Amino acid sequence: MSVWAVLAAAGRGERLDVDRPKAFAPLRGRPLLAESLERLEASGWVESIVVVAPAGWEEPVILLAEELGCGKVVASVAGGETRAESVRIGVAEVDDDASVILVHDAARPLLPDEVVERLLVALNEGWDGAVPVLPVVDTVKRVEDGAVVETLPRSELVTVQTPQAFIASVLRAAVDGGGEATDCASLVEARGGRVAVVPGDPRLLKVTTPEDLSLVESWLGEAAGTRTDA
């Protein structure tokens, strides 16, 4: 199957407290975006990459891709005001011949290739889409006006990560239909699409705060140390 990746990197990153968009926040001396780019480039499953960049940062994205040797990057386009709009813009750049579109957030830099494989296996089994998830370990309660109104069954709950993979025609129809959502799967679900879940990975942490960035840096440092020791 022909798999294209849309890398959503247009977030402002205001809670990171940096003087640049989140995708260019420093991570071990490089832009945060570099980690996702390199991992998608190295994936044997991904054919081409579209980067949805912060407005005005399209050229720096291309320069970074060239510096990293990421030849799969075919376009860098400015994102919209919301994540859903940014994904629509990115999907519009995907070749019509693509059979699968993988949408990933640059804010989750540590992308294991085995997660991509799990998603594509699920699509091959007939699902319209697939998302990586982690089980909820804490008790979750629904609250209204400061009062608990319901305790939700933890066994039925998961947290959802990216990348998320979809049959290309299904995702195109979902994003073209408009609407806002915090992830692509919600748009597909709203149109009756069947979305499977596959095991996610704790390393797919979404970088939102300086503490998140420090934690990801520590994981990268541990990985580098392991390679050195080997």
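Trainee: Which residues form a negative surface patch?

Mentor: Glu47, Asp95, Asp96 and Asp97 form it. Note that this is a predicted model: local features need pLDDT of at least 70, side-chain atom pairs count only at pLDDT 80 or more, and totals for chains, interfaces and linings use all residues. Residues are numbered from 1 along each chain as its sequence is written, and side-chain values use heavy atoms, without hydrogens and water.

Trainee: What makes a patch of like charges?

Mentor: Its residues have over 30% relative accessible area and no salt bridge, and like charges are joined within 9 Å. A salt bridge is a side-chain nitrogen of Lys or Arg within 4 Å of a carboxyl oxygen of Asp or Glu. Asp and Glu count as negative.

Trainee: Why is Asp96 called exposed?

Mentor: Exposed means over 50% relative accessible area, buried under 20%, and partly exposed in between (1.4 Å probe, protein chains only). Asp96 has 69%, so Asp96 counts as exposed. Asp96 sits in the loop between α3 (83–92) and β6 (100–105).

Trainee: Why does Asp17 count as exposed?

Mentor: Its relative accessibility is 68%, so Asp17 counts as exposed. Asp17 lies in the loop between β1 (3–8) and β2 (26–27). Its phi is near 60°, a positive value in a residue other than glycine.

Trainee: Why is Arg28 called partly exposed?

Mentor: Arg28 has a relative accessible area of 48%, so the term is partly exposed. Phi of Arg28 is also positive, near 50°. Arg28 is in the loop between β2 and β3 (30–31).

Trainee: Which residues does a cis peptide bond join?

Mentor: Thr162 and Pro163, with omega about 10°. Pro163 belongs to the loop between β10 (158–160) and β11 (164–167).

Note on methods
Patches are made of residues with over 30% relative accessible area and no salt bridge: like charges are joined within 9 Å, nonpolar side chains (Val, Leu, Ile, Met, Phe, Trp, Tyr) within 5 Å. Accessible areas come from the Shrake-Rupley method with a 1.4 Å probe; for residues, only the protein chains shown count as cover. The place of a charge is taken as NZ of Lys, CZ of Arg, CG of Asp or CD of Glu. Helices (H or I, at least four residues) and strands (E, at least two) are DSSP runs, numbered from the N terminus.
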